[in-house]
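Subject: Structure for your records

Hello,

Here is the structure I said I would pass on. Please open it alongside this message.

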Amino acid sequence: MSTAKKLNKSNFVRTPFGAFNKNHVISITPTDSGVAVFGDGNALIFWLEEKDEKKARKVADALTDAVIDGAKLDWKQLGYVPA
């Protein structure tokens with residue numbers, strides 16, 4: 001009998017659009033059209049479309065703090081409200 005590996009939710013960064021495992025993040029990059037989070041093997045593991053470059057940088061900074069320091073993201077303050 002195999003047992004499923006239990007996921008530790010503290011390893012995940014929640015977004016209004018899903019979640020990703022912060023232990024696999026290698027890069028968080030703001031672009032002119034959004035924010036890209038790359039994981040192991042340079043795979044895109046999260047993408048947020050954002051046309052406002054200043055806002056994209058703000059989101060990228062907040063995601064970086066969440067990944068590095070475990071800071072809680074306030075998506076409402078960042079201007080994103082889940083549907």
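This is a predicted model: local features need pLDDT of at least 70, side-chain atom pairs count only at pLDDT 80 or more; totals for chains, interfaces and linings use all residues.

Three strands make up an open sheet, in the order β3-β4-β5, with antiparallel pairing. At its edges are β3 (25–30) and β5 (44–49), each of which pairs on one side only. From one strand to the next the twist averages 10°. As background, the strands of a sheet pair through backbone hydrogen bonds, either parallel or antiparallel.

Between β3 and β4 (residues 34–39), which run antiparallel, there are five bridges. I28 stands opposite V37 in β4.

Which residues of α1 are buried? They are A56, V59, A60, A62, L63, A66 and V67. These residues cover an arc of only 165° around the axis, which puts them on the same side of α1. The spacing follows a general rule: an α-helix has 3.6 residues a turn, so residues three or four places apart point the same way. On the other side of α1, K54, D61, I68 and D69 are exposed.

The cover over the buried residues of α1 includes the three sheet strands β3, β4 and β5. It also includes β1 (12–15), β2 (18–21) and α2 (75–78).

Both ends of α1 have a detail to look at. At the start, a side-chain oxygen of D52 comes to within 3.0 Å of the backbone nitrogen of K54. Just after the helix, G70 takes a positive phi of about 75°.

Two residues

V67 lies in helix α1. Its relative accessibility is 17%, and the cut-off for buried is under 20%, so V67 counts as buried. Apart from neighbours within four places in sequence, V67 is in contact with V13, F20, K22, V25 and I28. V67 and S33 are 34 residues apart along the chain, and their C-alpha atoms are separated by 21 Å.

K51 is placed in the loop between β5 and α1. Is K51 buried or exposed? With a relative accessibility of 66%, K51 counts as exposed, because the cut-off for exposed is over 50%. Its side chain makes a polar contact with the side chain of E49, at 3.0 Å. Leaving out neighbours within four places in sequence, K51 is in contact with D32 and S33. K51 and D32 are 19 residues apart in sequence, with their C-alpha atoms 6.5 Å apart in space.

That is the account as it stands.

Regards

Note on methods. Residues are numbered from 1 along each chain as its sequence is written. Side-chain values use heavy atoms; hydrogens and water are left out. Two strands pair if DSSP finds at least two bridges between them. Helices (H or I, at least four residues) and strands (E, at least two) are DSSP runs, numbered from the N terminus. Axes are lines fitted to C-alpha atoms, for helices over the stretch in contact, and angles run from 0 to 180 degrees between N-to-C directions. Buried means under 20% relative accessible area, exposed over 50%, partly exposed in between (1.4 Å probe, protein chains only). The arc is that of the directions from the helix axis to the C-beta atoms. Contact means heavy atoms within 4.5 Å. A polar contact is a pair of N or O atoms within 3.5 Å; within protein, one must be able to donate a hydrogen and the other to accept it, and residues adjacent in sequence count only if both atoms are side-chain atoms.
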